[in-house]
Amino acid sequence: MYSEEVKDHFVNPRNILEDEASFNADGTGTVGNITCGDQMLMAIKVKDNKITDCRWKTYGCASAIASTSMLSEMVKGMDVEEAYEIKPEDITKRLNGLPEHKIHCSVLGDKALRAAINDYYQRNGMTDRIKEEKETIVCQCMTVTDKDIEKAVKSGVKNFDELQQTTKIGTSCGQCKDSAMELLHEYLHLYGN
Amino acid sequence: MDNNATTPIHPEVKKELIEKMDLYGNPSSMHEFGRTARKEVERARELISGFIGAESDEVVFTGGGSESNNTVLKYVSCGDPACTMCPASRREIITSSIEHPSVLNTAEVISKGAIAVRYIGVDKYGKLNIEELKERISEKTALVSIMMANNEIGTIQNIKKISQIAHRYGCLVHTDAVQALGKIPVNVQELDIDFMSFSGHKIYGPKGIGALYIKKGSPFCVFIHGGHQEAGRRAGTLNTLGIIGFGKAVELAGREMDEDARRIYRLRKKLETGILERIPDALVNGHPDDCLPGTLNISFMGAEGESILLYLDLEGIAVSTGSACATGSLDPSHVLIATGLGAETAHGSIRFSIGRDNSDQDVEYVLDKLPPIIERIRKMSTVYVAGGKK
């Protein structure tokens, strides 16, 4: 079920944040939802625009633990901008793949890292560098974006019917239903309760 | 310690199977080979029916507990106007929110047709809400299906009482006794039940064999169509070896159940006490008394179940969890949620199910390995704060 890389990072997790106070992070970010079974915290130290250290805490399954552990190794020595661009696929690739239903665990990792970097920007007066997440149109007919779905879920939408009522997504040709469902599940996982 | 998932073959069942391995005749054939096989099948049927207090022709062999459960639920929804099982005046079934997926998912499928399904809730120990049952049941109810003992938390229901209530309204009563058989006494007459499901591999018998008790005179219709096997109630060439193994396993249960149950219960208590002494913020799920002797379900606050399961697996300890992460869905155990637990507590649940092969040493080994695992997971957890949850 799990690759050797996942097992290795699960059995010997790297860079656990054991003592938050003494680590004295330059930026921290937490994402996820206990109700859905996983939550991640990333903490970074930055010097001369490079991430010099990265520590984490994770409440979650083996993939969640392995994803955060791997990510914490990947970002050390990276430029902040470069780390900001890390995609879930980059993490799963380094882990030699995750089971299909565990992909969302790696999604949480890169989100937590971006939250930590944004926190670093915020603390250092570099708010201009905080990037809004790129918006992509999901439903071409009704011009509904991934951001719209995220917003809907944050405001309490729980299933596809409710999402359709709020956003009119997929009410015309209906071709976007599969990708819309995928995003809906991802956001429910992040914010749902 | 995952004996509610499945059990190893009892050595005597294994011996019996090896001895009978060459018995290849089709029990439905009239010739000598067939008759020899038939004799073995009927002997097993008598062992099983005797053990549950039934007549031998009231026991139908199936492919397992899931098939037995599917069969009964689909009986009442066949849609054939001539069917005595589902008269037009009774278009509703009642079940509980903590049933096995083979009942819940079948109920969901049939609810898309003309049958309404009502789910009765449970209290914090997993006991069926009898008052709610009394309110919901009516002359429109065709079938009440409530499991005898729960696979996740081990809680045992008062089937006799449920059956009494249901029969007052003329409803048929089914109980899924897959987890109960061989662990606690099961008697169809005493419980006054119409249908009961069993499985072979949960009681140290082979996999792929189960049985359905159908009370004499009860209406039924055919679920697997084909030949005339099982008096026309379930078609398909009989699984001779499976049946022989199942029969032997039941025979052994009759002999060993009482003593095994006492020993297993003692081990369970030792494990429970040991865990609670060694690990803070652990919560026992299920009923304190009306519980299967070997089932212990515990939630570890701030630690996620799949991680616990896999770290235990690395130490050679096999358990189950109610965490969503282990199933691939986003939802944790429906049973624990039905008992009122929060999602986080359900995600941190571990089921130990002790069987006849477990020893004191096994329990001590778990008590040695588990505490550092929980401590380690909590150390890297975003949510655990010692002395209580966040």
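Because the model is predicted, local features need pLDDT of at least 70 and side-chain atom pairs count only at pLDDT 80 or more, while totals for chains, interfaces and linings use all residues. Residues are numbered from 1 along each chain as its sequence is written, and chains are lettered from A and ligands numbered from 1 in the order in which they are written. Helices (H or I, at least four residues) and strands (E, at least two) are DSSP runs, numbered from the N terminus.

**Confidence**

- The model as a whole scores ipTM 0.84 and pTM 0.89.
- Among the elements of chain A, the lowest mean pLDDT, 83, belongs to α9(A), and the highest, 95, to β3(A).
- For chain B the mean pLDDT is 93, and 96% of its residues reach 70 or more.
- Where pLDDT is low, the predicted coordinates should not be read in detail.

**The interface between the chains**

- On one side 23 residues of chain A, and on the other 20 residues of chain B, are in contact, where contact means that the C-beta atoms, placed from the backbone, lie within 7 Å.
- On the side of chain A that touches chain B, α1 (4-11), β2 (38-47), β3 (50-59), α3 (62-75) and α9 (177-191) of chain A each supply at least two residues.
- That side of chain A comprises 13 nonpolar, eight polar and two charged residues, with Ala, Val, Leu, Ile, Met, Phe, Trp, Tyr, Cys and Pro counted as nonpolar, Asp, Glu, Lys and Arg as charged, and the others, Gly among them, as polar.

**Sheets**

- In chain A, three strands form an open sheet in the order β1-β2-β3 with antiparallel pairing, two strands being paired if DSSP finds at least two bridges between them.
- Strands β1 (27-33) and β3 of chain A stand at the edges of this sheet with a single partner strand each, so one side of each is left without a neighbour in the sheet.
- The twist in this sheet averages 15 degrees from one strand to the next.
- Seven bridges join β1(A) to β2(A), and the two run antiparallel; A:N33 stands opposite A:D38 in β2(A).
- Chain B has an open sheet of four strands, in the order β8-β9-β11-β10, again with antiparallel pairing.
- Its edges are β8 (282-285) and β10 (320-321) of chain B, and each has a single partner strand, so one side of each is left without a neighbour in the sheet.
- Strand β10(B) is joined by two bridges to the antiparallel strand β11 (residues 349-353) of chain B, where B:I350 is the bridge partner of B:T321.

**Helix packing in chain A**

- Helix α3(A) lies across β2 and β3 of chain A and runs at about 175 degrees to β3(A); axes here are lines fitted to C-alpha atoms, for helices over the stretch in contact, and angles run from 0 to 180 degrees between N-to-C directions.
- Helices α1(A) and α3(A) pack at an angle of about 85 degrees, with their axes 8 Å apart, which makes α1(A) roughly perpendicular to α3(A) (under 35 degrees counts as roughly parallel, over 145 as roughly antiparallel, 65 to 115 as roughly perpendicular and the rest as oblique).
- This contact joins A:V6, A:H9 and A:F10 of α1(A) to A:A62, A:S63, A:I65, A:A66, A:S69 and A:M70 of α3(A), and it has six nonpolar, three polar and no charged residues.
- Helix α7 (residues 146-154) of chain A packs against α9(A) at about 45 degrees, with the axes 9 Å apart, and the two are therefore oblique to each other.
- Where α7(A) and α9(A) meet, α7(A) contributes residues including A:I149 and A:V153, and α9(A) residues including A:L184 and A:Y187; the contact divides into eight nonpolar, no polar and three charged residues.

**Helix packing in chain B**

- The axes of helix α8 (residues 240-278) and helix α12 (residues 360-379) of chain B come within 10 Å and cross at roughly 20 degrees, so α8(B) and α12(B) are roughly parallel to each other.
- Among the residues making this contact are B:L267 and B:L271 of α8(B) and B:V363 and B:L367 of α12(B), and by class the contact has eight nonpolar, one polar and three charged residues.

Conventions
Contact = placed C-beta atoms within 7 Å. pLDDT = per-residue confidence, 0-100.
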